[in-house]
Every structure is written in C-alpha cells, then in structure tokens.
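Colleague: Could you take me through this model, chain by chain and contact by contact?

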Amino acid sequence: MSRSHVNKSHADDILRIALMSAAVLAVGVLLLILLFLVRESWPALQRIGLYRFVSDAGWHPLEGAFNLAPMLIATFAAALGAILIAGPIGIASAVFGRFYAPPVIAETFRRMVALLAGIPSVVFGLWGLTVLVPIIAKWQPPGASLLAGMLILAFMVLPTVALTADAALKAVPKQYLHGANALGISQAGLIFNVAIPAARSGLIGGILLATARALGETMAVLMVAGNVVQVPNSLFDPVRVLTANIALEMAYATTEHRSALFVSGLALMLLVVGLAAMAGKLGGRLHG
Amino acid sequence: MTQIKQTPTHCCSEVNNSNAYTLGPIEAGPPCCEPDPAIRVQNLTLSYGGQSALDNVSLDIYRGCITALIGPSGCGKTSFLSSINRLTDLIPNCTVTGKVEIENTDIHAADMDVQALRRRVGMIFQKPNPFPLSIRRNIQMPLREHGVKDRALLETKLQTALQDVGLWDEVKDRLDSSALSLSGGQQQRLCIARALALQPEILLMDEPCSALDPLSSAVVEDLILSLSGRYTVVIVTHNLAQARRIANYAGFFWAKERTGKLVEFGRCQQIFESPAHELTAAYVSGARG
Amino acid sequence: MASIHQRDLLLTGFVWSAAALVIGSFLWLLSDMLLQGAGQLSWDFLTAETENAGRAGGIAPVLVSTLLILAVAILVAGPIGLATAVLLSEFIAKDNRIARAIGMSIDVLAGVPSIVFGLFGMAFFSAYLGLGFSILAGGLTLACMVLPILIRTIEEGLSAVPDEWRKGAAVLGMSRLSALFYILLPAAAPALAAGLMLGIGRAMAETAALIFTSGYVDRMPSSLHDSGRALAVHIYDLSMNVAGGDANAYASALVLVIMLIIINNIALMLANSLLQKRISLA
C-alpha cells in the first residue's frame, strides 16, 4: 500500500499553482513563437509552396519571385567561413590559456575573451563597416563582401568557441594529464592525443553552438556583407544572408512578401534550434 | 525474515526488582519510567524508487525515554527517523508503507497536517544547520510561523530556549549577530534550542555529536541527557559508548543486501550486556560492523 | 614526417600566434572605439536631445528609451523567470518528466535567433495585441528573450543553497513558502541579482529584435506606447543609414560597451560573493 502525501498547507498549494502558471507562461513563449511564425508563414507556404522557394527565377518579391536559395547559400557560406576561421583559433586560444600561458596571463586572457563575448553584435558591425570594409575595399572593391561577413562573424563567435573549449579542457580529469606527463609524452602529444580527445564532445558542442550563432546573427553581417542578393562567385562578392534579408525588407513587406520573410524566419529558427539542441547534448552549453 | 527480539515488557517486570534501574557507573542514563509508548511503529517498510531501505520494522518508543538506534552506516537508521516526522515526503520516489502512530494517530495518513506534526516532532541533524540569519531570528522565525506573534512572548521563549541548552550566557550579548558566527558546538545547541522553542513532544536526533569536536560533543551529550523525562528522544549514533551513557533503550539495525532491518530492541543495558542476537553481540563487542 | 620536437615547436608557434591574433584584434577593436568615440563623449552628449538624425546633439532620448525598454523587459521577465526557476529547483525533481519538458523548452528558447524574436514580437505584440511600434512591444519582446538566462542563473543559484537549510525549515514545520522567502531566496540573492544583470546585459546589447518592435523614433518618449529608439538600434541606424553619423555611432557604442562592462562586472562580483558564502559554510 503506497500513500500519496498531501500537504495540507494552503499557502503552499497556492504557491505551487502560482509557480506552475509562471512555468506555463515561460514554456508558452516558445509555443507562441512557433505558433505565430507558422501562422504568418502559412499564406506563403500555401500559395507559393516550398519548392518555389528554391526554384523561382530569383528574389523579386514584388514581382512574385521568391527564390531564397542565393541567401541560403550566402548564409551557409558566411557561417562556414566564420567557423573555419574561429574554430581553430578559438580552440588554440583555449589551449593557450590552459597549457601554454603563465597563470597570470592565462587569467587576463580569459577575462579578455569573456569581455569580447559580451560586446554587442551591432558594435562588431560598426567596427567592420568602418574599419574592415575599407581595408578590403582598397584591395578588392567594393569591400562589403562575403569575406567581410565571414571575418566579422568569425571575430564574433570566436569567444563562444574559446570559452566552451576552455570549459571542456578544464573538465579533462587531471590524472589523465599527469599520467601522460609521467610517461614523458611531448607537449604536442599531450594536447593532441590526450587533452583534445578527452574534451572532444565539449569542443564539438562549442563549435556547433558557434555555428548556430553565426547562422542566426543578423546585425554584424547585415552591416558588412553588402546585401546584394546573389550566389557569390568569389569571397569578394557582396552577399545577403537570410537574417539580413528579413531585417532589410520587413519594414515595407506586405502580403505574400511578408509571409515569405516569415517562412525564412521559421526555417532559420528550426535550423538554429536544431544545432543548439545538438550542441546542448554534447555539453557545449555556455552558462550566462 | 530476521527474528525481532522485542523485550519492552521486561522493563516493567523488573520494576519490582530493586536492582533493575541501577545502571552502573558508565550507564548514567536516567531511570526509566513506566514504558508508555509515545510512538508505535508497525511493519514499517521504506523504499527509494524500488530499492527497499528498511524492511518491516516494528517497535514502540517510550515516552520520556532516550532511545538510541545503533548499527553500521546504511542500515536504515536515518530512514527510520525520517519516517517519524515525514521528512520522507521531501525525498522523491520514496514510498512508505506500514504504520507510524504518534499518540494513536497514524502520521502517514493522507489527511495528516504535516506542518503541525513537525512542530510536535523536532529533528536535529548531524551537521548543525542554523539558518544564515541572526541567532534571534533563528529561534523566533519558526515560532512566528506557528502563530506566536506577541513580541514579549517571543523574547521570553527565545531566552528560555537558549537557557535550556545552556547557550544564553554565551550569546545573550550578541543575539543579533549571525548564527553562522557561532562555533560548531554552539551552532548545534542553537539548533536544539530552535527545536525546543516549539515545545515538541518528541526529538529526533541524527548523530547530533558526530560532526563536533570532543569537548563540544560532551556538552551536547550532557544537554541531551538533561532532556530525558521532558522529551521523548530518539537518537541515531555510531558512538556505542555514547549510546551506553545516555540511552534507556536501544535498537540495533543491520543491513542485508542494502535493506535495513531491526535486529534487536530492548533495554540499553540488555542490548549491551546480554544481547539476544549474535549479530548484536558481535556488533556491540566491536567484532562486526 | 616532422620529428616530435618539430611538431612541438609548430604547435607552440600556432598556439601563441592564435593568442596573439585574438589579443591583437581585441586591442584593435578597443583602440578604434576609444579613438573614434572618446572624443565625442561628454556630459552633454549623454544629456542632450538628438539632432539632425543623430549626427549632432546627444543621446538623451535614446538612453531614456533604452532604460524604459529594459525596465519593461525585466519587470515582466523577472517574476516569471524567478517563479519558473523556483519551481524547477524547489518543487519538482530534476528527472521528472515535466521538469525535463520545461528545461528543454527553455534551452530551445535560448537558442532562438534574435531576428526571429523580432519577427515574433512584431507579429504578436505589435500586430496581434495591437501595441504597434512601442517601447512596450520592444520590452515585451526582450522579456521573452532574456527569460532563459534569468531562469537558468536563478536556478543555479538556488541549487547552490545548501540542502540542510531546506531540511531545517521542513523539520521546524515551516511552509515551503516561508522557507523560500525567509531563507532560500535571501541566501540565493546574489545569484538572483547576477541573473538579473546578465539579463539586462543581453537585452541592452540587442538590436535585431527591436527594429520592428520598438522602432526607430529618436524623440523623447512620453509614454510606453510611444516608439523609442534603443542605444543599439541608434548605433545601427547612425552607421548604416546616416551619412556622417560614424563619430556619434562610435561614441554611442562606447557608452553601450562601458555600460555592459559595468553590468557584467557587477554580475561577476555577485556570483563570486555567493561562491564565497558557500565556501565559508562548507
């Protein structure tokens, strides 16, 4: 015979109900977001259909052409480039902090990276627009380009990679490292054969999280990538990513055009949330 | 099933025996009164998510006496204590079956007022746990919670409780400083005072001295001894000498395949000097556990 | 193949140059902000009305709008976040199905891109609820956005409170409500404040979610129903849409970053003070 214990305190019952309703609200936000994205996307999904979003003659929403493919490609290209740059450098700077730097420098370095992580994307965008783009323009005009987008995104997500990698390396059990040291393995051997494999899932999680951030970032790319809707032929072509497209056109979009922008928002959300969930599974969550 | 040797009646049968309560020099425990059960535990079985921790325990705990529960770690003593004030409610997946009656009320009944129950049954833990508040607030906050609003009364109760545990003279000048600034032994006495202030009938103590230094431990032990007669005390202890010094009754628990059972229960003197069960004999002589 | 020694040298070189690159870029960014922004910065800049689309004048209305948006966001998200965190850490077991469902949706919410919050805010608060371009709509959108940060930091803070106090309150017959208000929440107060600070920081840095919700208007707002331009939006607009706005954009960026650094440091200090409390108790 098992009993359910009923607490007689009314205050506690009321408290429990109040807390539950707050939690329902918190969960409700996510459901509301999904609901409204689907609701607003629905007209476009019905009348345009998924296929035309990749097969139309181009992105001319006012003339009824809704090809998102160039922007999808630009989005992936910019994020991929950013990760290819920020991944190795971010992991290397975490390795620097954990294995190479003297303690005082390591601590200062970590603080600097944390500070970098807190800089708003619009500030990165401003700096990219006024410093980076002119430099690229001198070399390969017009300057505002896929490359500028990649570099700024890389700069932005680098702290994410570095901080998650740092946490993952920190979590490697000390006895592994001591064991390897006792065997007289070289520093490089220690890092490549012991530390990085042991921290692998955290490192991959951090990279996925950084990828999600790069794909979902709006302001920084919008400000430096030139915003021309085209499939880039080179790193120096201006491109427009999905997020920037929404930010640029939402102000005046109506009817199917507006709905099509919501479709791209929905797609973006599913993609980014999927990546973030994968990252979370691998333990690459950043706290705070 | 383990045979339970329960010999509560011999206390009374020995009342006529003039030597029955001469407890000898080490056993300074106070003489026992009429063995009048304050708590009746019948077929208590307790499990944590399918793993049973305590199997079919039955015993009576006598009013005004000190009952010590002894046995090795992990044999269900703490689980047993927690089922007397329904602290088991806080543990997810914990199932309790059987009956625990305090003054003829089944405390595991669904309509039991748990907060009122816990006011009547105080509990002290191994690690002193004063709240991060002032000494005064530590004692007065639970009183307010139970409806004592009158300031003068609150102050009187504060002083009485602190005097009861011999802490008044040590802290009367700093009642508003943090309870965490007290020493470990003082903290434990404050926790006892906090429980006493609510005027409970029963005090459950889970190894109350084991986290303290020897000197503080002796002070707290004397305090516990002074509570007997006024309160029904159930104390879990790993310190056999302490159990002999302070307890009137003793119960010996032993775990088989992680399930605790009450092996033997009786007068403290009998448990230590003429245990009926061979496991008890081995444990109290230091041969097992 | 390189010898072990050469490999060691190569790695050392790569690691040090990566660190140098990170430090170098950081200093570059920092020096540009200081060089281009600090000159404009003055008390007048903070307290004057915005003129000529931001090219001239100060950022007083922008600061006021920013603070109002933040206030709405925190006043709405604070209680909901606190309550959800309390529910998760005090009332339901971690492995409970409801707890996992709530936890998962909070983590998903944390991953939603800010432009999507902007779309949602525009569709729900501005259009569906009829709030239009307003400080209220922007603040509510940000409230949704900072909710996961608040919940997770407060939850962590509460779980750092020693269990002995919960048990102590329970065995004294205290209700959970009293235990929460008199003991647990005060003990976790630094974490609550740290969570709040992190939430404010995140909200303050936000641009994309605000463009279509609180809007661009750079006049001094007279009510929460007015459109108001947040500092981050101001920086965006000055640099992208206003020729000759770069200097003031940098000055505004400097103001924003300084405020964020202050907020983050307060959060860090609070979190550390909680940690120290824990250590002194152990």
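**Contacts of chain C**

Colleague: How many salt bridges are there across the interface of chain C and chain B?

Modeller: The rule finds one salt bridge across the interface of chain C and chain B, where a salt bridge is a side-chain nitrogen of Lys or Arg within 4 Å of a carboxyl oxygen of Asp or Glu. This is a predicted model, in which local features need pLDDT of at least 70 and side-chain atom pairs count only at pLDDT 80 or more, while totals for chains, interfaces and linings use all residues. Side-chain values use heavy atoms, with hydrogens and water left out, residues are numbered from 1 along each chain as its sequence is written, and chains are lettered from A and ligands numbered from 1 in the order in which they are written.

Colleague: Which side chains meet in that salt bridge?

Modeller: They are the side chains of C:Glu164 and B:Lys127, at 2.9 Å, N to O.

Colleague: And which helix of chain C gives the largest share of the side that touches chain B?

Modeller: That is helix 7 of chain C, with seven residues, a helix being a DSSP run (H or I, at least four residues) numbered from the N terminus. The side of chain C that touches chain B divides into 11 nonpolar, four polar and two charged residues.

Colleague: What area is buried between chain C and chain B?

Modeller: About 1,800 Å², of which carbon and sulfur atoms give 69%; buried area is the accessible area (1.4 Å probe) that two parts lose on being put together, summed over both.

Colleague: Switching to chain A, how many residues of chain C are in contact with it?

Modeller: There, 72 residues of chain C are in contact with 74 residues of chain A, contact meaning heavy atoms within 4.5 Å. Chain C and chain A bury about 6,600 Å² between them, with 83% of it on carbon and sulfur atoms, and the count of salt bridges between these two chains is zero. Helix 1 of chain C, residues 4-37, gives the most to the side of chain C that touches chain A, with 20 residues.

Colleague: Back in chain B, is B:Ala218 buried, partly exposed or exposed?

Modeller: B:Ala218 counts as partly exposed because its relative accessibility is 38%, where buried means under 20% relative accessible area, exposed over 50%, and partly exposed in between (1.4 Å probe, protein chains only). B:Ala218 lies in helix 8 of chain B, residues 214-227.

Definitions and conventions. Helix = DSSP H or I, 4+ residues; strand = E, 2+ residues; numbered from the N terminus. Nonpolar A, V, L, I, M, F, W, Y, C, P; charged D, E, K, R; others polar.
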